[in-house]
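Have the sequence and the structure at hand while reading.

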Amino acid sequence: MDDPIFQPLHFRHLTVKNRLFRSSISGRIDSYDGSGTAARINWEKKFARGGVGAIISSHIPVDPSQRILPNYAMIDRDEQIPFWREVVKNVHQYDCKFIGQLSMSGRQQDIKGVENKHRVPLSSVDGWEHFHGLSGKAMNQKQIAESVLTFARAAGRARQAGMDGIELHAANGYLFTQFLSSAINKRSDDYGGTLENRARFLLEVVGAIRQEVGADYHLQVKFNAADYHNDYVLNVGKGNTLVEGVQVAKWLEQAGVDALHVSVGSQFPHPRNPCGPFPAESASVTYPSMIPSGKLSFWNYLLFRYKLSWPLVIWLWARRQPKIREGINLEECRAIKNAVTIPVLCTGGFQTASVIRAALVKKDCDGVSIARPLMANPNLPLLFAEGKDQAPKPCTYCNKCLAHVLVDPLGCYDESRFESYEAMMDEIMNIFRDENVLL
Ligand SMILES: Cc1cc2nc3c(=O)[nH]c(=O)nc-3n(C[C@H](O)[C@H](O)[C@H](O)COP(=O)(O)O)c2cc1C
Ligand code: SF4
């Protein structure tokens, strides 16, 4: 009971029973129109039952034109409130809190979906990014103001649905990063140029959310402590530095944010998020779904399609991060934590109790968020509570789940962790048929 992992974490307006947060894991398990499904409820329940203190939801798009992939439950209309209330009710049964992650894709829209087919998504700038070549169109100031309001209204719905708090997804290349990052934002108006200008959109959203939901509702921000923009792409700048990340953290605290969630990486995926090798073999099967999406996707597909080029892709991905490190972002997290007084969560590879405990004791962070290792072992917190240091079959960081997410249901796709292919499929499919929930 003295274990730091199982000490409650007190935020200003929320208490979580332990220091383990399920980090967001998006997947195409909802209806095409953005309404939620029983599979989503089963999915979230699985982790609540496994003992995490809080679940941070998958991205919840606040506007259909700003979703990342189709088939994610959204929160753009009041009619979606009852569904989210049902999710929250199911998660609460296990004394687990539920934090909704609100997002806009900006140009990082992997698969547009049929209603966005002929639309170029709004971003901070015109032009395309350097990974898939996904294009965006610069927002004018009226569109920025509308987006600020759209976030605020979505936050209001989250509160009405009984969510215990919200997280803004300002990390890993989505719309907020497209404003924040010096490598991406080349605007010349009040929303570009200096760091202060680049942070303006995010800070305006924080202010508008506070107006909408009040001062006593938990609001946290997942953001990049540093961009490491040139980790994968060659011949580009490195983007925001850790010094800039620290400054953004201070501004967010001053603006009334209750907690920070530290990530790194100016795109998603990025060699540091999620860490581990590029899953070239799985991508050779799933990436065709992205061929129409970006100016570079077809060329990427050719690289992923042929075994001969896999070593090149895998080397490019890993060249700056050759070793997988549990707690890969702890150094950056420590710098953020030292600069603010609000609690700080860290994402990145955590799955060993002793590593997590050491990070908490050294005050590198106040809690850890976990995605893939929980997908592999949803009962990891219960195992830690029994005194185990690791799950018997830990996550291998193979990133196959990441490649599958483009077209297949969420789950662990590393067959080596299962007795057979059938056993793996059985585990993946159980969210569609678990005991449950009738909507
Ligand atoms: C399949 C998949 C989907 C993800 N979806 C999201 C998401 O919706 N929002 C988000 O902030 N991060 C998302 N992430 C990133 C994770 O939340 C987490 O930050 C990252 O995987 C590193 O943590 P881990 O090493 O514990 O997996 C996703 C990761 C994976 C593998
Ligand atoms: S497929 Fe399974 S083992 Fe591989 S990274 Fe994903 S969760 Fe971990």
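In strand 13 (residues 367-370), Gly 367 and Ser 369 point one way, while Val 368 and Ile 370 point the other way, and all are buried. A residue is buried if 20 or more other C-beta atoms, placed from the backbone, lie within 10 Å of its own. In a regular strand, side chains alternate between the two faces of the sheet. Strands here are DSSP runs of E with at least two residues, helices are runs of H or I with at least four, and both are numbered from the N terminus.

This is a predicted model, in which local features need pLDDT of at least 70 and side-chain atom pairs count only at pLDDT 80 or more, whereas totals for chains, interfaces and linings use all residues. Residues are numbered from 1 along each chain as its sequence is written, and chains are lettered from A and ligands numbered from 1 in the order in which they are written.

**Strand pairing**

Two strands pair if DSSP finds at least two bridges between them.

| Strands | Sense | Bridges |
|---|---|---|
| Strand 3 (residues 20-22) and strand 13 | parallel | 3 |
| Strand 12 (residues 344-347) and strand 13 | parallel | 3 |
| Strand 7 and strand 8 (residues 135-138) | antiparallel | 2 |

Within strand 13, Ile 370 is the bridge partner of Arg 22, and Gly 367 is that of Leu 345. Elsewhere, 3 strands form an open sheet in the order 6-8-7, with mixed pairing. Its edge strands, strand 6 (122-123) and strand 7 (127-128), each pair on one side only.

**The whole protein**

The protein has 16 helices and 13 strands. Its radius of gyration is 20 Å, close to the 22 Å that the globule rule gives for 439 residues, so the protein is as compact as a globular protein of that length. The radius is taken over C-alpha atoms, and the rule is 2.2 Å times the number of residues to the power 0.38. Buried residues make up 52% of the 439 residues.

How values were computed:
A residue is buried if 20 or more other C-beta atoms lie within 10 Å of its own, exposed if 12 or fewer, and partly exposed in between; C-beta atoms are placed from the backbone.
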